[in-house]
Amino acid sequence: MIDEVRARGGPFTPEEPHLRLLAERVFDRSADLAAGRLNHRLAGYGPPVRDLLGEIEAPTVVLHGTLDRHIAAGHPEELVRCIPGARLVWLDGVGHEFPPRAVWSQVLTEILDLAA
């Protein structure tokens, strides 16, 4: 997990001690880590959900790293087009990773603005 985050991260990706703590938390909170990792790979093989996105009524913000090489920029842009009222917020310098500490303020502000 640590190697994956490091490989897909950006300049704000924390060093190994912090990533190790994060990995331990994920492990401790996962009932079946292997199944959880497989779920993401199998998601594309299930029934199409694109048509259902237009039914989402909850306030939605899509956060996406500008350095994410794992999920192309067109995917979050399309998500925002399909979900009514959704906003796309780019996280500068962030790869495909949990939001690093450097952008926590931005992420929290975006989430709290949804609740306001």
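Me: How does Ile 71 count, at 32% relative accessibility?

Reply: A residue is buried under 20% relative accessible area, exposed over 50% and partly exposed in between, using a 1.4 Å probe and protein chains only. At 32%, Ile 71 therefore counts as partly exposed. This is a predicted model, in which local features need pLDDT of at least 70 and side-chain atom pairs count only at pLDDT 80 or more, whereas totals for chains, interfaces and linings use all residues. Residues are numbered from 1 along each chain as its sequence is written, and side-chain values use heavy atoms, with hydrogens and water left out.

Me: How many helices and strands does the secondary structure of the protein chain come to?

Reply: The chain has 5 helices and 2 strands, which follow the pattern α-α-α-β-α-β-α when read along the sequence. Its C-alpha atoms fill a box of roughly 40 × 35 × 25 Å, taken along the principal axes. Of the 116 residues, 24% count as buried, and among contacts between residues at least 6 apart in sequence, 65% join residues at least 24 apart.

Me: Which residues of helix α4 are buried, and why do they line one face of the helix?

Reply: In helix α4 (residues 74-82), the buried residues are Pro 76, Val 80 and Cys 82. Seen down the axis of α4, these residues fall within an arc of 165°, so they line one face of the helix; the arc is that of the directions from the helix axis to the C-beta atoms. The buried residues of α4 pack against β1 (61-65) and β2 (87-91).

Me: Which residues make up the largest nonpolar core?

Reply: A nonpolar core is a set of buried Ala, Val, Leu, Ile, Met, Phe, Trp, Tyr and Cys residues joined through side-chain atoms within 4.5 Å. The largest one has 6 residues, namely Leu 53, Val 62, Val 80, Cys 82, Ile 83 and Ala 86. Leaving out residues up to four places away in sequence, Ile 83 touches Leu 53, Ile 56 and Thr 60.

Me: Is Glu 110 buried or exposed?

Reply: Glu 110, found in helix α5 (residues 104-115), is buried because its relative accessible area is 13%. Apart from neighbours within four places in sequence, Glu 110 is in contact with Val 61, Leu 63, Arg 87 and Val 89. Gln 106 also has its place in helix α5, but at 30% relative accessibility Gln 106 counts as partly exposed. With residues up to four places away not counted, Gln 106 touches Val 89, Trp 90 and Leu 91.

Me: How much space lies in the second largest pocket, and which residues are the closest to its centre?

Reply: Rolling a probe the size of a water molecule over the atoms shows where empty space is left. On a 1 Å grid over the protein atoms alone, where a 1.4 Å probe fits, a pocket is an open set of points with protein on both sides within 12 Å along at least five of seven lines, and lining residues have an atom within 4 Å of a point. Grid points are joined across faces, edges and corners, and a volume is the space filled by probe spheres set on the points. The second largest pocket holds about 340 Å³ of space. Of the 15 residues that line this pocket, His 18, Leu 22, Phe 98, Pro 99 and Trp 104 are the closest to its centre. Helix α2 (residues 16-29) gives the most to the lining, with 6 residues.

Methods: Helices (H or I, at least four residues) and strands (E, at least two) are DSSP runs, numbered from the N terminus. Contact means heavy atoms within 4.5 Å.
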